[in-house]
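Q: Some questions about how the terms are applied follow. Here is the model to look at.

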Amino acid sequence: KEDKAKIAELYTIAKDATKLFGYAWDVDHIVPLSKGGLHKLSNLQVVPASWNRAKNNRNSNVYWS
């Protein structure tokens, strides 16, 4: 239950960031669901929507290494 609340909080952060910065933010799967990633807190991050769209179904590690 705690994880569900924290995941919901990420969606609130993305919504608030969209309002604050004036451009869309998303909750992104670090390892995409299509690549075996899970919809759990440790696999989620808030990122600009344009970044998420460009990332498509690639793992986020290509951007951090």
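A: A salt bridge is a side-chain nitrogen of Lys or Arg within 4 Å of a carboxyl oxygen of Asp or Glu. This is a predicted model: local features need pLDDT of at least 70, side-chain atom pairs count only at pLDDT 80 or more, and totals for chains, interfaces and linings use all residues. Residues are numbered from 1 along each chain as its sequence is written, and side-chain values use heavy atoms, with hydrogens and water left out.

Q: What makes Asp28 and Lys55 a salt bridge?
A: Their closest N and O atoms are 3.0 Å apart, and the limit is 4 Å. Asp28 sits in strand E1 and Lys55 in helix H2, 27 residues apart. Helices (H or I, at least four residues) and strands (E, at least two) are DSSP runs, numbered from the N terminus.

Q: Why is Asp26 called buried?
A: Buried means under 20% relative accessible area, exposed over 50%, partly exposed in between (1.4 Å probe, protein chains only). Asp26 has 15%, so Asp26 counts as buried. Arg53, at 55%, counts as exposed.

Q: What makes Lys6 partly exposed?
A: Its relative accessible area is 35%. Glu2, at 55%, is exposed. The two side chains meet in a salt bridge (3.0 Å, N to O).

Q: How do you know that the buried residues of H1 line one face?
A: They are Ile7, Leu10, Ala14 and Ala17. Seen down the axis of H1, they fall within an arc of 70° (taken from the directions from the helix axis to the C-beta atoms), so they line one face.
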